[in-house]
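Here are some notes to read alongside the structure, for someone opening it for the first time. Keep the 3D view open and follow the points in order.

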Amino acid sequence: MFKFFLLFICFLISTNSYAISENIELGKIKSGICSTCHGNDGNSVVAMWPKLAGQFSKYLIAQLEAFKHGEDGSRFDPIMYGIVKDLSFQDFLDISSYFSLQKISDNGVNLKEVNKLGKKIYLSGDLQKNIISCSSCHGVLGEGNEFANIPKLRHQHAYYISIQLQKYKSGIRKTDAVSVMRDISLKMTDDEILAVSEYISTL
């Protein structure tokens, strides 16, 4: 009897795992609703829309769920809400998994023109203003931290990053754990936000 019980438990676990496992091929098909803005492979060509290629699937899912909550969520956007409001978690998993496997495109920035102020803030922060370095969480090369659900920033559009920092600063975006991004951005001037965004785009 005990063996049958164990087999039953294993069956439940296996069927549940199957139900929530990603389907990359379906994700590619489902991602068609994203392609107009984000590109077929997650590499948007318009700087106001983020590149999704190569991003952690866990992070992408979290953002999609935030969008799905609409005005009551931590990241309201009327366009994104309209797109994702009727999608399921399985859809989120499939689409995010597909984009996470794509290769992000290089921005083709001339490294000789790296923003020095942005580089300083990104790598060292600003002790006088109590601003911690961006690299302490996002990594020196913008590689992010999958375990902590901290996104990759490497090769992201500068304009998109600056918009998001401004949204954190104004409190419109609230997807940051313990308000860390809101606290940091509040201490930054508009010029500093632009500078660090430009530097990140060169990583």
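This is a predicted model: local features need pLDDT of at least 70, side-chain atom pairs count only at pLDDT 80 or more; totals for chains, interfaces and linings use all residues.

1. Let's start at Met-181. Setting aside neighbours within four places in sequence, Met-181 is in contact with His-138, Leu-165, Tyr-168 and Asp-176. Met-181 belongs to helix 10, and with a relative accessible area of 19% it counts as buried. Buried here means under 20%, so Met-181 is assigned to that class on its 19%.

2. Now the overall layout. The chain has eleven helices and zero strands, and from the N terminus on the elements are α throughout, as the run α-α-α-α-α-α-α-α-α-α-α shows. Of its 203 residues, 40% count as buried. Take the contacts in the chain with a separation of 6 or more: 67% of them come from residues 24 or more positions apart.

3. Which residues touch the most other members of the largest nonpolar core? They are Tyr-122, Leu-165, Met-188, Val-196, Ile-200 and Leu-203, out of 16 residues in that core. Two or more residues each are given by helix 7, helix 9 (158-170), helix 10 (180-186) and helix 11. Helix 11 provides the largest share, four residues. In general, nonpolar side chains in soluble globular proteins tend to be buried together.

4. Not counting residues up to four places away in sequence, Ile-200 touches Tyr-122, Leu-153, His-155 and Ile-161. Another core lies apart from the largest one; this other core has 14 residues, including Leu-64, Met-80, Leu-87 and Phe-92.

5. How do helix 7 and helix 11 meet? The axes of helix 7 (residues 116-124) and helix 11 (residues 190-200) come within 7 Å and cross at roughly 85°. The two helices are therefore roughly perpendicular to each other. From helix 7, the contact is made by Leu-117, Gly-118, Lys-119, Ile-121, Tyr-122 and Leu-123; from helix 11, by Glu-192, Ala-195, Val-196, Tyr-199 and Ile-200. Sorted by class, that contact has eight nonpolar, one polar and two charged residues.

6. Stay with helix 7 for a moment. Its buried residues are Gly-118, Ile-121 and Tyr-122. Looking down the axis of helix 7, these buried residues fall within an arc of 95°, so they line one face of the helix. An α-helix has 3.6 residues a turn, so residues three or four places apart point the same way. The buried residues of helix 7 pack against helix 8 (135-138) and helix 11, while Lys-116 and Ser-124 are exposed on the other side of helix 7.

7. Is Gln-156 buried or exposed? At 7% relative accessibility, Gln-156 counts as buried, and its place is in the loop between helix 8 and helix 9. Leaving out neighbours within four places in sequence, Gln-156 is in contact with Pro-50, Lys-51, Asn-107, Ile-161 and Ser-201. The C-alpha atoms of Gln-156 and Leu-52 are separated by 8.8 Å, although the two residues are 104 residues apart along the chain.

8. You'll find Ser-97 in helix 6 (residues 89-100), and at 5% relative accessibility it counts as buried. Beyond its neighbours within four places in sequence, Ser-97 is in contact with Glu-22, Ile-24 and Ser-57.

9. Finally, a pair of backbone angles to check. Most residues other than glycine have a negative phi. Asn-149 has a positive phi of about 60° although it is not a glycine; Asn-149 is in the loop between helix 8 and helix 9 and is partly exposed, with a relative accessible area of 23%. Ser-179 also has a positive phi, near 60°, and is likewise a residue other than glycine. Ser-179 sits in the loop between helix 9 and helix 10 and is partly exposed, at a relative accessible area of 25%.

Definitions and conventions. Residues are numbered from 1 along each chain as its sequence is written. Side-chain values use heavy atoms; hydrogens and water are left out. Axes are lines fitted to C-alpha atoms, for helices over the stretch in contact, and angles run from 0 to 180 degrees between N-to-C directions. Angles under 35 degrees count as roughly parallel, over 145 as roughly antiparallel, 65 to 115 as roughly perpendicular and the rest as oblique. Contact means heavy atoms within 4.5 Å. Ala, Val, Leu, Ile, Met, Phe, Trp, Tyr, Cys and Pro count as nonpolar, Asp, Glu, Lys and Arg as charged, and the others, Gly among them, as polar. A nonpolar core is a set of buried Ala, Val, Leu, Ile, Met, Phe, Trp, Tyr and Cys residues joined through side-chain atoms within 4.5 Å. Buried means under 20% relative accessible area, exposed over 50%, partly exposed in between (1.4 Å probe, protein chains only). The arc is that of the directions from the helix axis to the C-beta atoms.
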